[in-house]
Amino acid sequence: MKICVIIPTLNEEKNIPHMNIINKNFQSFSRSEQIRHLEVEGYLVIPNVLNGQQINDIKIEMSDAEMLHTDYSTKQTRSVKQPQWHSRAVAEIIGHPVIIDFLNDLMGPEIVFTRGFYQKSLSGCPGISLHTDGQPHGSNLFGYEGSCPRLLRVLYYLDDLTPERAPFRLIPRSHISFHADASPYVRYKWHPEEITIVVPAGSAVIVPSMMIHGSHPNLDESSRELLQFGYRPAWAGPIKNVEEWDENLVSNAPESAKPFLRSLNTTGFEWEQEHKPKGMKTEASGCLLYTSDAADEGLGVDLGGRRII
């Protein structure tokens, strides 16, 4: 169900002329429903991932982080250092069991953590233009991390998202569109098909890097804080090498985070391929089972979620 909110005043730099708030009971989703919704619609909300103590610890530890503002607003700020290297509380949620259990079911067990990002949108901050975090040829904004063919963003909201407090917006299914209008190198001020997500603090919103997304302006009197993590399957490496993690930082990271702080250039790339290699499989439950409406029934399906007759 969508709730349509008309923003009463329109300033091109600060406001977006419409807000279609999506209202779904994500808490009731089965695992197959979660995965199918992410793969097909392009987004998923997992509520109540962080508790109040975790949020408080993160906010305290990030309060003295060095921040810079973007080139379009002094009120859109982000940490200079990746937050997991500044805050122990942030580093500890890299391996958060709720998210990792989901990612294991979605991607398989070999997972690489690709980046951390901390953003503080101050009161009066303009919205973030609709964009993707993935560019198959790389870009100056996301480097070659954005070239990874499978890449997710996990957004942890440290404050309640309300219609006034810089809520998240996206264009559903834009990550699977073949049209040039959905090119990962295109940006939009707004789009008539975009939807808005409002969630309580502690919720995680997960999107593929190729999803067109952004945010509304922060019209609230309070700031809005956000952590964003990147994850990918180990086989889906970048097209060119990226700078590796500092070994000292990794060695001092929480034990729960270390399995995911692998080489950022981990890849399954193999140029030489055989037409009929030895040991070919005859099943792939990971890529078929959860994508389907029929998943809970254990029926064979194709990647579009349709039953195979």
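**Briefing: sheet, core and a buried serine**

Strand S6 (residues 111-121) and strand S13 (residues 224-233) pair in the antiparallel sense over 10 bridges. Two strands count as paired if DSSP finds at least two bridges between them. This is a predicted model: local features need pLDDT of at least 70, side-chain atom pairs count only at pLDDT 80 or more, and totals for chains, interfaces and linings use all residues. Residues are numbered from 1 along each chain as its sequence is written, and side-chain values use heavy atoms, with hydrogens and water left out.

**Whole chain**
- The protein chain holds 6 helices and 13 strands. Helices (H or I, at least four residues) and strands (E, at least two) are DSSP runs, numbered from the N terminus.
- Of its 309 residues, 49% are buried. Buried means under 20% relative accessible area, exposed over 50%, and partly exposed in between (1.4 Å probe, protein chains only).
- Contact means heavy atoms within 4.5 Å. Among contacts between residues at least 6 apart in sequence, 78% join residues at least 24 apart.

**The sheet**
- An open sheet of 7 strands runs in the order S3-S11-S8-S13-S6-S5-S4, with antiparallel pairing.
- S3 and strand S4 (67-69) stand at the edges; each has a single partner strand, so one side of each is left without a neighbour in the sheet.
- Neighbouring strands of this sheet are turned by 25° against each other on average, direction ignored. Axes for such angles are lines fitted to C-alpha atoms, for helices over the stretch in contact; angles run from 0 to 180 degrees between N-to-C directions.
- Glycine 116 has phenylalanine 229, in S13, as its bridge partner.

**The core**
- The largest nonpolar core has 58 residues, of which Leu103, Tyr156 and Tyr231 touch the most other members. Such a core is a set of buried Ala, Val, Leu, Ile, Met, Phe, Trp, Tyr and Cys residues joined through side-chain atoms within 4.5 Å.
- Helix H4 (residues 97-107) gives the most to this core, with 6 residues.
- Leaving aside neighbours within four places in sequence, tyrosine 231 contacts residues including Ile100, Leu103 and Met107.

**Helix H1**
- In helix H1 (residues 31-40), Ser32, Gln34, Ile35, His37, Leu38 and Val40 are buried.
- The buried residues of H1 pack against strand S3 (44-46), H4, strand S8 (152-157) and strand S11 (204-208).

**Serine 209**
- Serine 209 sits in the loop between S11 and strand S12 (213-215).
- Serine 209 counts as buried because its relative accessibility is 3%.
- Not counting residues up to four places away in sequence, serine 209 touches Thr132, Asp133, Gly134, Leu151 and Leu152.
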